[in-house]
Amino acid sequence: MINNDFNFKEDEQTAIDNFREYLRIPSVHPNVNYDACVRFLQAQAESLKLPCRVYHCKPNNPIVVISCIGSEPSLKSILLNSHMDVVPVFEDKWTHKPFDAHMDERGNIFARGTQDMKSVGIQYLEAVRRLQRDNVVLRRTIHLSFVPDEERGGELGMREFVKTESFRKLNVGFALDEGLASVDDTYKVYYGERTCWRFHIHCVGTAGHASLLTENNAGDKIRHLLDRFYDFRDEEKRKLKDLRIGDVTSVNLTMLQGGVQLNVIPNELIMTVDSRIAPTRNLEEWQRTLERWCKEAGEGTFIVFDQKHPQVPVTCIDNSNPYWVAFKNVFEQLDLRMETEIFPAGTDCRYIRGVGIPAIGFSPICNTPVLLHDHDEHLNVRVFLDGINIYYRLIKSIGNC
């Protein structure tokens, strides 16, 4: 139970207890077992007297959908998406055990998933609970989806789910998913994402004794490529004086492989690059640039892609999008500040947008250090409760637009 010294109201106590119970389920990679999450969510659906379905696109990767049927169910529905899985922890780096959901005297709840993103999943549920309490009837059906595998790329979860007849029958017209915390009082709202390409560049050259200065050396080719990538990287970094990280293209060397012995020049070295491509950059031109750099490096240099996602159109954020108008109106009514941005990394929104459904990434977390994937991830209880109130208004507005 929670600390009564905080004098929480009954509905707040329920929300916090549910949040902490969910956080205590160690749905952590690798080899996540989602059974406890599914049982927890089924119990939540039962407490709300709402139908709950569990889908499986891939074995051991359940997708839980809780539905609140609207008064006009033929209208396009609203999808409130969150993911059940969390990233690994290094427990010795944490002040409190990462799956205890400890709440300190300041109301900070420490656990993996507090920011990314079990808080949002519970905030959806508790906002719906309060709408029921207040006898609010929505025109549109609201689907709350809880998906697996997002932290590993969503390939076993949302990527496959959006291709299914089960998803099509949900009749989704608009979706909300996760965003990022903000260190000040301005909420971050994301209407698009950069495109992720990850690839290995193989540099094949002449092997030999390490005392020689051989021609056609694999190391020379690596050097040429590093010069090109890091010159480009510096150009993009300079743009950050006027732009945000989501507006530029990032390239980062993440791995170097090769070599057999200290005194042997290897015949092959492999460099691995992670590139997040801005929506404004033409992918065909970027492909040609990479190929040109490889050709310049010399014969025997070639790319093997590990991930090569397609470019997904951003969601329209003007008055032509009624869902966006309903979203923005709530911020104006509550006098909340927002900044609209391109998400710098990747979420399940890219799969939703990829099938033509507009989606916004938003986590109602402000005045909070950004600690997703970091040690001592935590969320203050008051920020958590404020987020429920925001979702209450958002769901009511969007569900009736």
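In the predicted model, I69 is placed in the loop that runs between β2 (61-68) and β3 (77-83). Its relative accessible area is 54%, above the 50% cut-off, and I69 is therefore classed as exposed.

K49 is found in the loop between α2 and β1 (52-58). The phi angle of K49 is near 55°, a positive value in a residue other than glycine. With a relative accessibility of 75%, K49 counts as exposed. N135 occupies the loop between α3 and β6 (142-147). For N135, too, phi is positive, at about 55°, although the residue is not a glycine. The relative accessible area of N135 is 65%, so this residue is likewise exposed.

Cis peptide bonds were also identified. One of them joins H29 and P30, with omega at about 0°. P30 belongs to the loop between α1 (10-23) and α2 (35-48). Another cis peptide bond links D116 to M117, where omega is about -15°. M117 is located in the loop between β5 (108-110) and α3 (118-133).

The packing of helices was examined for α6 and α7. Helix α6 spans residues 218-239 and helix α7 spans residues 283-297; the two pack at an angle of about 145°, and their axes are 8 Å apart. Their crossing is right-handed. On the side of α6, the contact is made by K221, H224, L225, R228, F229 and F232. These residues meet W286, L290, W293, C294, E296 and A297 of α7. By class, the contact between α6 and α7 comprises 8 nonpolar residues, 1 polar residue and 3 charged residues.

Open space in the model was then considered. The largest pocket has a volume of about 480 Å³. It is lined by 24 residues, of which E150, R198, R276, A345 and G346 are the closest to the centre of the pocket. Among the elements of secondary structure, strand β9 (residues 195-204) gives the most to this lining, with 3 residues. Divided by class, the lining of the largest pocket holds 10 charged, 8 polar and 6 nonpolar residues.

The second largest pocket contains about 300 Å³ of space. A total of 17 residues form its lining, and those nearest the centre are P310, V312, R350, Y351 and G354. Strands β8 (186-193) and β9, together with helix α9 (349-354), each provide at least two residues of the lining of this pocket. The largest share, 4 residues, is supplied by α9. In terms of class, the lining of the second largest pocket consists of 7 nonpolar, 4 polar and 6 charged residues.

Definitions and conventions. Residues are numbered from 1 along each chain as its sequence is written. This is a predicted model: local features need pLDDT of at least 70, side-chain atom pairs count only at pLDDT 80 or more; totals for chains, interfaces and linings use all residues. Side-chain values use heavy atoms; hydrogens and water are left out. Axes are lines fitted to C-alpha atoms, for helices over the stretch in contact, and angles run from 0 to 180 degrees between N-to-C directions. A crossing is left-handed if the near helix is turned anticlockwise from the far one by less than a right angle, and right-handed if clockwise. Contact means heavy atoms within 4.5 Å. Ala, Val, Leu, Ile, Met, Phe, Trp, Tyr, Cys and Pro count as nonpolar, Asp, Glu, Lys and Arg as charged, and the others, Gly among them, as polar. On a 1 Å grid over the protein atoms alone, a cavity is a set of points where a 1.4 Å probe fits but cannot get out, and a pocket is an open set with protein on both sides within 12 Å along at least five of seven lines; lining residues have an atom within 4 Å of a point. Grid points are joined across faces, edges and corners, and a volume is the space filled by probe spheres set on the points. Buried means under 20% relative accessible area, exposed over 50%, partly exposed in between (1.4 Å probe, protein chains only).
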